[in-house]
Amino acid sequence: MFFVNQKKHNKNTGAWDNNAHTKETLNEAMHQFHAFMSTYGYEQDNAIDYVSCSVEGIDGLVIKNEVDNRLPEESEG
């Protein structure tokens, strides 16, 4: 059993979207990981400025994790 955890931020609406999917095999989990990242990450969707995805085993071990963070930096003040 594997878990695919997905997060994304819509810069136009300010909405955060968090999803978790359960997959039976590592191959299925990796397919879900790559499909999500290639759809929303790497500037593929101009409305999305933050994407995070991870694959974890049932034992909690993180097998793959990636973040595409294009959020504007907050100014210190």
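The following legends describe close-up views of a predicted protein model.

**Figure 1. Overall arrangement of the predicted model.** The protein contains one helix and four strands. Read along the sequence, these elements follow the pattern β-β-α-β-β. The C-alpha trace spans about 45 × 25 × 20 Å along its principal axes. Of the 77 residues in the protein, 30% are buried. The accessible surface comes to about 5200 Å², and carbon and sulfur atoms account for 46% of this surface. Among contacts between residues at least 6 apart in sequence, 48% join residues at least 24 apart.

**Figure 2. The largest nonpolar core.** Eleven residues make up this core: Phe-2, Val-4, Ala-29, Met-30, Phe-33, Phe-36, Met-37, Ile-48, Val-51, Cys-53 and Val-55. Two or more of the core residues come from each of β1 (2-10), α1 and β3 (48-57). Helix α1 provides the largest share, namely five residues. In soluble globular proteins, nonpolar side chains tend to be buried together.

**Figure 3. The surroundings of Phe-2.** Phe-2 is a member of the largest nonpolar core. Neighbours within four places in sequence are left aside in this view. Among the remaining residues in contact with Phe-2 are His-21, Thr-22, Lys-23, Glu-24 and Thr-25. The contacts of Phe-2 also include Leu-26 and Ala-29, as well as Glu-56, Gly-57 and Ile-63.

Figure 4. Strand β3 is mostly covered, since nine of its 10 residues are buried. Strands β1 and β3 run antiparallel and are joined by nine bridges. Within this pairing, Gln-6 stands opposite Cys-53 of β3. Strand β3 is also joined to strand β4 (residues 62-69) by seven bridges, and these two strands run antiparallel. Four residues lie between β3 and β4, which form a hairpin. Gly-60, in the turn of this hairpin, has a positive phi of about 90°.

**Figure 5. Ser-52 within strand β3.** Ser-52 is placed in strand β3. Is Ser-52 buried or exposed? Ser-52 counts as buried because its relative accessibility is 8%, and the cut-off for a buried residue is under 20%. The bridge partner of Ser-52 in β4 is Val-67. Apart from neighbours within four places in sequence, Ser-52 is in contact with Asn-5, Gln-6, Lys-7 and Phe-36, and also with Asn-65, Glu-66 and Val-67. In a regular strand, the side chains alternate between the two faces of the sheet.

**Figure 6. A nonpolar patch on the surface.** Which residues form this nonpolar patch on the surface? The patch consists of Leu-26, Leu-61 and Ile-63, which together have about 250 Å² of accessible area. Leu-26 belongs to helix α1 (residues 26-40). Leu-26 counts as partly exposed because its relative accessibility is 36%, a value that lies between the limits of 20% and 50% for this class. Leu-26 and Ile-63 are also both in contact with Phe-2.

Figure 7. Thr-25 is found in the loop between β2 (16-23) and α1. With a relative accessible area of 35%, Thr-25 is partly exposed. Thr-25 is also one of the residues in contact with Phe-2. Thr-25 and Asp-68 are 43 residues apart along the chain, and their C-alpha atoms are separated by 25 Å.

Conventions
Residues numbered from 1 in each chain as written. Predicted model: local features only at pLDDT ≥ 70, side-chain atom pairs only at ≥ 80, totals over all residues. Heavy atoms only, no water. Patch = residues over 30% accessible without salt bridge, like charges linked within 9 Å, V, L, I, M, F, W, Y side chains within 5 Å. Areas by Shrake-Rupley, 256 points an atom, 1.4 Å probe, with all protein chains shown as cover. Salt bridge = Lys/Arg side-chain N within 4 Å of Asp/Glu carboxyl O. Buried < 20%, exposed > 50% of the residue type's maximum accessible area, 1.4 Å probe, protein only. Core = buried A, V, L, I, M, F, W, Y, C linked by side-chain atoms within 4.5 Å. Contact = heavy atoms within 4.5 Å. Pairing = 2+ DSSP bridges.
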